[in-house]
Amino acid sequence: MIKLKKVLQEVTDYNFEMKYVKDKNANNVIKVLNGLGFGISVGDVKAARNRLEDYEGGKMFKHMQYHVVQSKSDVYFIYQTQHFLRDSDVDVTKVSIDKYVDYQGKTSDKRTEIGNALVPTKKFLKGLNRVNVLDKAS
């Protein structure tokens, strides 16, 4: 019998639709990411959206994970859905950010929603390597 320590969080969407990846308060997301040192711009968000639109109606793989990160004064929950295909460089991740009200070391601690935005995957992952990660699931 094989026991899995953790389950890979991936799904395949056989009819990918953009209506399920809409931005919400994208400017607030960009502000938080830049405060953390990610270097994401409004232009990056627009380019990611335009790139992802090219794949509408087709197959799309999605990998989900989260990170709890700390800024100088706040703690954030960053949930990401990376969009990818084996034969194409999609390079788009949907990032959703919540701010912890009072982080006590549990991912389930009370949070307030900041919003979500589409960002370039490579740029996001590079920025993730520069932040203080308190917890993660990948």
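The buried residues of α3 are covered by elements that include α1 (26-35), β2 (60-70), β3 (75-85), β4 (88-100), β5 (111-119) and β6 (132-137), where helices (H or I, at least four residues) and strands (E, at least two) are DSSP runs numbered from the N terminus. This is a predicted model, in which local features need pLDDT of at least 70 and side-chain atom pairs count only at pLDDT 80 or more, while totals for chains, interfaces and linings use all residues. Residues are numbered from 1 along each chain as its sequence is written, and side-chain values use heavy atoms, with hydrogens and water left out.

**Helix α3**
- Within α3 (residues 121-128), the residues Thr121, Phe124, Gly127 and Leu128 are buried, buried meaning under 20% relative accessible area, exposed over 50% and partly exposed in between (1.4 Å probe, protein chains only).
- These residues lie on the same side of α3 because they cover an arc of only 130 degrees around the axis, the arc being that of the directions from the helix axis to the C-beta atoms.
- Lys122 and Lys126 are exposed on the face of α3 that is turned away from its buried side.

**Nonpolar cores**
- The largest nonpolar core has 20 residues, and those with the most contacts inside it are Leu33, Leu36, Phe38, Ile97 and Phe124; such a core is a set of buried Ala, Val, Leu, Ile, Met, Phe, Trp, Tyr and Cys residues joined through side-chain atoms within 4.5 Å.
- At least two residues of this core come from each of α1, β3, β4, β5 and α3, and α1 gives the most, with five residues.
- Not counting residues up to four places away in sequence, Phe124 touches Leu33, Phe38, Ile40, Ile78, Gln80, Val95 and Val119, contact meaning heavy atoms within 4.5 Å.

**Loop residue Val101**
- Val101 is placed in the loop between β4 and β5 and counts as exposed at 52% relative accessibility.
- Leaving aside neighbours within four places in sequence, Val101 is in contact with Lys110, Arg111 and Thr112.

**Aromatic pair**
- The rings of Tyr66 and Phe77 are stacked, because their centres are 5.1 Å apart and their planes are at 25 degrees; rings of Phe, Tyr and Trp (its six-membered ring) pair if their centres lie within 6.5 Å, with planes under 30 degrees apart counted as stacked, over 60 as edge-to-face and the rest as tilted.
- Tyr66 is buried at 19% relative accessible area, and Phe77 is buried at 10%.
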